[in-house]
Amino acid sequence: MRLVANARMYSVNPPAAAAWRELFDWLAREAGVELDVIAHAFPLPLSDLWSRDDLACAFMCGYPFMLAGKRPRPVAAPVPAGAPARGRPFYATRLLVRADSRFDTIEDTFGGRIGYTVADSHSGYNALRHHLLPYYQQRGARLYRESVGPLTTPRRVLDALQAGDIDVGPLDSYALDLMLRHEADLSPKIRIVATTDPAPIPFLVAAPECPDGVVARLRGALATFGEAPACTDLRDRLCLDGFAPVNIDDYQLMLRWDAAARAAGYAEPG
């Protein structure tokens, strides 16, 4: 049975995309599972990828996973080398401004234009809203004159910042690590003015129908990635320490953040 793999969420530039392809090639050999690495780039919806019945490995954000009526099967979660919770499969959202802007803190951006990715994203929407919620509750009013979105991808958030279409935007911290690792010209263009609380990171999923034996072999192989001598350079290029089992209970945090924002009448970040 030939199955498909895709790392669109973290194929943030050509070098990162090439590294993910190498990882899937390694995984196919180690697990003994034929994997066809497919393209599924923007503007194709991620929901179409997650609903494929031949899916073996694709990244899925924990927020839409928890909201899904029929959930895919968790395979493994990446452990970023720069994880905000060291050694754990966690990430955060970096709130970015242009390096040449006048903003030094997130409060400085209030009254301007904020970008968001998509409403079912944790890093680009749910975590952003959670971070802004205390300010909204204190003021009792919107913080920004305009919310700009859906921008959908980290790249389009950066493009909107550089074009001056937004004043501040959210970026998945692991996606940003990959961008900075492979794009020497990016760091001088941006500044981080705030970082959200950590949360469990998007993880690799398989179709609900994916055979138990296949999922077990994929999990077993990925568990060895962090110590595999042949993968030292690949770990560096992917900014990864390894992979960890997925603890679904950890992702309840995302539903709690969503519920708290909605209860306060703050449905959209802005």
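Tutor: Let us begin with contact, which means heavy atoms within 4.5 Å. Helices (H or I, at least four residues) and strands (E, at least two) are DSSP runs, numbered from the N terminus. This is a predicted model, in which local features need pLDDT of at least 70 and side-chain atom pairs count only at pLDDT 80 or more, while totals for chains, interfaces and linings use all residues. Residues are numbered from 1 along each chain as its sequence is written, and side-chain values use heavy atoms, with hydrogens and water left out.

Student: What covers the buried residues of helix 9?

Tutor: Buried means under 20% relative accessible area, exposed over 50%, and partly exposed in between (1.4 Å probe, protein chains only). In helix 9, the buried residues are Leu253, Met254, Trp257, Asp258 and Ala261. Viewed down the helix axis, they fall within an arc of 140° and so line one face of helix 9; the arc is that of the directions from the helix axis to the C-beta atoms. Their cover includes helix 3 (62-67), helix 4 (122-139) and strand 11 (199-200). On the face turned away from the buried side, helix 9 carries the exposed residues Arg256 and Ala263.

Student: Which residues have the most contacts inside the largest nonpolar core?

Tutor: In soluble globular proteins, nonpolar side chains tend to be buried together. A nonpolar core is a set of buried Ala, Val, Leu, Ile, Met, Phe, Trp, Tyr and Cys residues joined through side-chain atoms within 4.5 Å. The largest one here has 78 residues, and those with the most contacts inside it are Tyr10, Trp20 and Leu27. Its largest share, 9 residues, comes from helix 1 (residues 14-31). A second, separate core of 18 residues includes Leu95, Tyr116, Leu143 and Val193. Leaving aside residues up to four places away in sequence, Leu27 touches Gly32, Leu35, Cys57, Leu218, Ala221 and Leu222.

Student: How many aromatic pairs are there?

Tutor: Rings of Phe, Tyr and Trp (its six-membered ring) pair if their centres lie within 6.5 Å; planes under 30 degrees apart count as stacked, over 60 as edge-to-face and the rest as tilted. The count comes to 11 aromatic pairs. One of them joins Tyr10 and Phe59 edge-to-face, at 5.1 Å centre to centre with 85° between the planes. Tyr10 lies in the loop between strand 1 (3-6) and helix 1, and Phe59 in strand 3 (residues 55-60), so this pair ties together parts that are 49 residues apart in sequence. Both Tyr10 and Phe59 are buried. Ring pairs also link Tyr10, Trp20, Phe59 and Tyr174 into a cluster.

Student: How many salt bridges does the structure hold?

Tutor: Side chains of opposite charge can pair when their charged atoms come close. A salt bridge is a side-chain nitrogen of Lys or Arg within 4 Å of a carboxyl oxygen of Asp or Glu. The structure holds 16 salt bridges. Among them, Arg237 meets Glu22 at 2.8 Å, N to O, linking helix 8 (residues 232-237) to helix 1 across 215 residues. Arg237 counts as buried at 18% relative accessibility, whereas Glu22, at 37%, counts as partly exposed.
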